[in-house]
Amino acid sequence: ADREMRPRISSLPLQLVLFFDGWFLLVFYLFELCLFVYKALILPYPGRNVAAELVLLVFLAILDAMRVFLGVKGNLTEKNVSLLVSLVFIVPIFFGYTFILFLGRPTCVTEVRRS
């Protein structure tokens with residue numbers, strides 16, 4: 001009886017965003033992995049840099065999967081703690097994306113123009 005009186009805090013729009021974010025992340029990380037393989041095989045790219053950025057990519061993929069899982073879990077079980085932890089994971093993921101996209105090795109277009 002107590003559960004019937006409590007208002008629902010789970011959100012269908014949040015669930016949809018998390019669902020499609022999971023699929024987007026899968027495609028994004030597969031694309032980034034293919035890009036790293038391309039850089040390592042075709043372009044002059046130091047092996048240590050490839051290894052370091054690949055480790056960062058795997059770490060970010062794990063953090064992103066945990067973020068989406070905790071967001072879905074928190075939304076469906078109506079637990080605010082899981083949603084807050086999911087939001088906290090955004091900070092290190094943001095810095096990881098910033099490094100990969102802007103501070104890492106220059107993009108392939110720039111590298112191809114130089115050669």
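Colleague: Where is the place of Ala40?

Modeller: Ala40 sits in helix α2, residues 12-41. Helices here are DSSP runs of H or I with at least four residues, strands are runs of E with at least two, and both are numbered from the N terminus. This is a predicted model, in which local features need pLDDT of at least 70, side-chain atom pairs count only at pLDDT 80 or more, and totals for chains, interfaces and linings use all residues. Residues are numbered from 1 along each chain as its sequence is written, and side-chain values use heavy atoms, with hydrogens and water left out.

Colleague: How many helices and strands are in the protein chain?

Modeller: The protein chain has 6 helices and 0 strands. Read from the N terminus, the order of elements is α-α-α-α-α-α.

Colleague: Is Ala40 buried, exposed or partly exposed?

Modeller: Start with the cut-offs. Buried means under 20% relative accessible area, exposed means over 50%, and partly exposed is in between, using a 1.4 Å probe and protein chains only. Ala40 has 38% relative accessibility, so it counts as partly exposed. Its C-alpha atom is 6.6 Å from that of Val50, 10 residues away along the chain.

Colleague: What share of the protein chain do buried residues make up?

Modeller: Of the 115 residues in the protein chain, 29% are buried. The chain exposes about 8,300 Å², and carbon and sulfur atoms supply 75% of that area. Accessible areas come from the Shrake-Rupley method with a 1.4 Å probe; for residues, only the protein chains shown count as cover.

Colleague: Which residues is Leu60 in contact with, leaving aside its neighbours within four places in sequence?

Modeller: Contact means heavy atoms within 4.5 Å. With those neighbours set aside, Leu60 touches Tyr29, Pro92, Ile93, Gly96, Tyr97 and Ile100. Leu60 lies in helix α3. Its relative accessible area is 1%, so Leu60 is buried. Leu60 and Phe94 are 34 residues apart in sequence, and their C-alpha atoms are 9.4 Å apart.

Colleague: Where is Phe59 found?

Modeller: Phe59 is also in helix α3, which covers residues 47-77. Phe59 has 47% relative accessibility, so it counts as partly exposed.

Colleague: Does Arg67 count as buried or exposed?

Modeller: Buried, because its relative accessibility is 12%. Arg67 lies in helix α3. Beyond its neighbours within four places in sequence, Arg67 is in contact with Asp21, Leu25, Ser86, Phe89, Ile90 and Ile93. For the whole chain, take the contacts with a separation of 6 or more: residues 24 or more positions apart account for 72% of them.

Colleague: At what angle do helix α4 and helix α5 pack?

Modeller: The general idea first. Two packed helices are described by the angle between their axes and the distance between the axes. Axes are lines fitted to C-alpha atoms, for helices over the stretch in contact, and angles run from 0 to 180 degrees between N-to-C directions. Here α4 (residues 80-88) and α5 (residues 90-103) pack at about 20 degrees, with axes 5 Å apart. They are therefore roughly parallel. Angles under 35 degrees count as roughly parallel, over 145 as roughly antiparallel, 65 to 115 as roughly perpendicular, and the rest as oblique.

Colleague: Which residues of α4 and α5 make the contact?

Modeller: Ser86, Leu87 and Val88 come from α4, and Ile90, Val91 and Pro92 from α5. They divide into 5 nonpolar, 1 polar and no charged. Nonpolar covers Ala, Val, Leu, Ile, Met, Phe, Trp, Tyr, Cys and Pro; charged covers Asp, Glu, Lys and Arg; the others, Gly among them, are polar.

Colleague: How many aromatic pairs does a search of the whole structure find?

Modeller: It finds 5. A ring pair is described by the distance of the centres and the angle of the planes. Rings of Phe, Tyr and Trp (its six-membered ring) pair if their centres lie within 6.5 Å; planes under 30 degrees apart are stacked, over 60 edge-to-face, and the rest tilted. Phe19 and Phe20 have centres 5.1 Å apart and planes at 75 degrees, so the pair is edge-to-face. Phe28 and Tyr29 have centres 5.2 Å apart and planes at 70 degrees, so that pair is edge-to-face. Both Phe28 and Tyr29 are buried. Phe24, Phe28, Tyr29 and Tyr97 form one aromatic cluster.
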